[in-house]
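User: Please take me through this model in a few questions and answers. I am new to it.

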Amino acid sequence: MTDKDEKRPIPELTSEHAEVEMTKSESTKPETTLKRPSYSNPYGRYNLLVVFVVTYCLTYVGFGYHFYGPHTLWFHSTRILPSFKYLAKYNCQVEPLPPSEFYHRQERLSEILQYQAHPQSTSYILEPGANAGYFANVSLASWRRSERPLLVVLSPLPNNKLSIRVLTPKFESSRAKAVFRIPSEASVEFIEWAEDEDPYSVLARAVGPERVIVDDDMRQFVVEGLRGAGFRIATQRHALSAIRQLRERKTEKEIEIMKCANELTLVALKDVRDRMWIGMTESQARSIIGKALLGAGLGKDGGGIFTTVQFGKSAGLPHGGGEDRTLTKSDLITFDLGGSLHGYWSDVTRTFALPGSTIPSSHLEIWFTVARAQKAAFNAVKKGARGSDIDAAARRVIEAAGKGKYFTHRLGHGIGMELHESPYLRGGNDVPLASGNTFSDEPGIYIEGELGIRLEDCFVVDENGKARLLTEGVGGAAKTPWLP
């Protein structure tokens, strides 16, 4: 220490400053001991850490979204999905069919039973199903079939009205009366059978063992039970064909419901596509699209929904092979979806890609071949055209591209109260299309172990014989793999 140092005044320490103790070591270097200052906020030391963590996370998310995009496993791994209830607000809302629609059907059926069936065939007997639902609003959605028969007996009355009688298990009669809302301008009678009785004999005593027509969807043990009770089962192919054609030709009110169902299905598909990511599994996508269809309001009538999800080579089998493939950037995605609305089904299929995918050019070429085939079939619909003609129109496009052997199924099926119903767009069907017929148009190319591509939209044949897409209100057919 110099003389100058000795003369320098030492500042007085207070509680507001760090306390410093000066000691002298053998090397004459001062040793300083610092005492931590006190703060009025005991948690203040964590503030900087919180700010750092929040800033880091926001930066991480921002840069990740920018560089990797919203369709990556990185971004979606912790994403919370919505309930999809907002899809139900889509503006195609329609009401169930009014009673007048059923009255008209019953009048038509009464005419068939009186004038087209065998003169001694006066009644038509059905189990719960599509036909019973069509004429009497007794569907599988409202009553599940079991070993205990529940039968609907429709008999013609004067003025083309129908008598409706329901054979029901006695212990279930109250439920049957509560569940079934049977529109009728005539009487509706419930006939009860007890557990220790033969139900078919009970029915024979109530209506008489007459000559009857049975629905072609009736289970064989029920047919045999009726025959054993004395009913004479008539083979009425002409009458059954006429009955089937009633369902095949939809009214405008039916078409409105089907149009809404198909549009809701496509809206849900497009919404879910924007929430998908590279690295997700087929089962994850299936779960999400299922929630979206239910959120849109499909399946709430008891009919349900269906979801087929296939990634990449899984789609080489048209209905899948049971694996749970993980989505890669080179995979196309196939969704085959549908649901029921007021008793009518939708059916929509899209093969598409996510933004940021790197789809092989050969796969894209096949996609556009399938799209051209679908359009060719749609344009082939005209007055006098047969189901086989429409199928052939699509098949020619695919054969010209050298992929004919990979188009392995019919072009389409009828759709309505059943997901698959007559008539069908296939080779060998030479029946002309009729106005009100509704079909799926779904060509596909399937190369096992490599890929599968299918595009499907349903259409109705209008009064001019032209096809009108049931998805036209939400964009219609797919434009590209990135615009489904």
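Predicted model: local features only at pLDDT ≥ 70, side-chain atom pairs only at ≥ 80, totals over all residues.

Analyst: Residues are numbered from 1 along each chain as its sequence is written, and side-chain values use heavy atoms, with hydrogens and water left out.

User: What percentage of the residues in the protein is buried?

Analyst: Buried means under 20% relative accessible area, exposed means over 50%, and partly exposed is in between (1.4 Å probe, protein chains only). The protein has 484 residues, and the buried share of them is 47%.

User: How are α4 and α9 oriented to each other?

Analyst: Helices are DSSP runs of H or I with at least four residues, numbered from the N terminus. Axes are lines fitted to C-alpha atoms over the stretch in contact, and angles run from 0 to 180 degrees between N-to-C directions. The axes of α4 (residues 99-115) and α9 (residues 237-248) are 10 Å apart, at an angle of about 165°. Angles over 145 degrees count as roughly antiparallel, and α4 and α9 are therefore roughly antiparallel.

User: Which residues of α9 meet α4?

Analyst: Contact means heavy atoms within 4.5 Å. From α4, the residues involved are R108, L109 and I112, and their partners in α9 are A239, A242, I243 and L246.

User: How many residues apart in sequence are the parts tied together by C92 and C260?

Analyst: A disulfide is a pair of cysteine sulfur atoms within 2.5 Å, and the search of the whole structure finds one. This disulfide joins C92 to C260, with an S to S distance of 2.2 Å. C92 lies in the loop between α3 (73-76) and α4, while C260 is in helix α10 (residues 252-273), so the parts they tie together are separated in sequence by 168 residues.

User: Is C260 buried or exposed?

Analyst: The relative accessible area of C260 is 2%.

User: What separation do the C-alpha atoms of E107 and K161 have?

Analyst: E107 lies in helix α4 and, at 28% relative accessibility, counts as partly exposed. Not counting residues up to four places away in sequence, E107 touches N160, K161 and E185. E107 and K161 are 54 residues apart along the chain, and their C-alpha atoms are separated by 5.6 Å.

Notes: Helix = DSSP H or I, 4+ residues; strand = E, 2+ residues; numbered from the N terminus. Parallel < 35°, antiparallel > 145°, perpendicular 65-115°, else oblique.
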